[in-house]
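Look over the sequence and the model first.

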Amino acid sequence: MPWLIAFKGKSGFSARNTAEDVTKGIDGHGLTAIVTGPTSGIGLETARVLALRGVHVVMAARNVEAAAECKETIIKGCPNATIDVMELDVSSLESVRNFANEYISKGLPLNILIANAGVMAPPFSLSKDGVESQFATNYLGHFHLTNLLLDTMKNTAKNCGKEGRIVLVSSEVHRLTYKGGIMFDKLNDEKCYNSFYAYGQSKLANILHAKELTRRLKEEGVDITVNALHPGVIATNLSRHSSCMSVCLYGLFKHLQKNIPQGASTTCYLALNPKVKGVSGEYFADNNVAKPSGHAKDAELAKKLWECGMELTKSK
């Protein structure tokens, strides 16, 4: 376990706690969760711990072969786990639509949606839909997925009488973004592209998404919460595109790093722990509510981003 300066917050947990710690004693039987990006790092640990607690886990993965291998590994450690594998590439709106249609056709309930898949600071590229890759993968695909599955989540919450939960994996790097927060007019302009600012922009978008969706769900009186989180500094393959970032993660900040079980803790805390029942539209870190940037609290920016997301996913 890495050395961490960690103080327990109001939740009773800290940065040192693992995903198993924050879900200890919680019975997830009867719940169904989708986890995107479940084949490595905190996504895999999230899927494992939810399955360990009895949740029916749907591993939504771009590489279904890798996901199938991960499923078998989890089952070896937890023979009673209920896990399905489905194909999903969140960088493709067509793939998102196909996944949602297939999921709905199966008639499965949906209690928990965990938007974990992501890319970090790659060279400039556009998605199949012509959208800058980090914005497309980290934000837009999950925005579309959430909207397409929202009725399923609403019906599940109503039918089973249990609060639905949407968990969006963001980052403290949301503070490092373009001027104004979201560069709406030049999202796909290679000349303006900065890989780190673009990453921060996409992670800011996750928090704004949580804010605006919370507002809309509260207006409807729907029993679904939406929260974003910073998992911590974790040495995973997410930073593979940046040698500079790798130096920071593996070198300068090595004493502040979390291991993967610790990195997955806040996600699992928000997904299952009863202490966050009714809490929505917040930003969490180290299993406690944290303060996001000023941009992240801008309600008008959140509304504008929502409109942007709707426009980009229109008829997709």
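**Helices H5 and H6**

H5 passes H6 in a right-handed crossing (the near helix is turned clockwise from the far one by less than a right angle). Helices here are DSSP runs of H or I with at least four residues, and strands are runs of E with at least two, numbered from the N terminus. This is a predicted model, in which local features need pLDDT of at least 70 and side-chain atom pairs pLDDT 80 or more, while totals for chains, interfaces and linings use all residues. Residues are numbered from 1 along each chain as its sequence is written, and side-chain values use heavy atoms, without hydrogens and water.

H5 covers residues 133–160 and H6 covers residues 195–220. They pack at an angle of about 15 degrees, with axes 8 Å apart. H5 is therefore roughly parallel to H6 (the label for angles under 35 degrees). Axes are lines fitted to C-alpha atoms over the stretch in contact, and angles run from 0 to 180 degrees between N-to-C directions.

Contact means heavy atoms within 4.5 Å. On the H5 side, the residues include Phe135, Tyr139, His142 and Leu150. On the H6 side, they include Tyr199, Lys203, His209 and Leu217. By class, the contact of H5 with H6 has nine nonpolar, nine polar and three charged residues. Ala, Val, Leu, Ile, Met, Phe, Trp, Tyr, Cys and Pro count as nonpolar, Asp, Glu, Lys and Arg as charged, and the others, Gly among them, as polar.

**Helices H2 and H9**

H2 (residues 41–52) and H9 (residues 265–272) pack at about 40 degrees, with axes 9 Å apart. That angle makes H2 oblique to H9. Their crossing is right-handed. Thr46, Val49 and Leu50 of H2 meet Thr267, Cys268, Ala271 and Leu272 of H9. Five of these contact residues are nonpolar, two are polar and none is charged.

**The cavity**

The structure holds one cavity of 30 Å³ or more. On a 1 Å grid over the protein atoms alone, a cavity is a set of points where a 1.4 Å probe fits but cannot get out; a pocket is an open set with protein on both sides within 12 Å along at least five of seven lines; lining residues have an atom within 4 Å of a point. The largest cavity holds about 40 Å³. Points are joined across faces, edges and corners, and volume is the space filled by probe spheres set on them.

Which residues line the largest cavity? They are Ala115, Ala117, Asn138, His142, Leu168, Val169, Lys203, Asn206 and His209. H6 gives the largest share, three residues. The lining has four nonpolar residues, four polar and one charged.

How values were computed: Angles under 35 degrees count as roughly parallel, over 145 as roughly antiparallel, 65 to 115 as roughly perpendicular and the rest as oblique.
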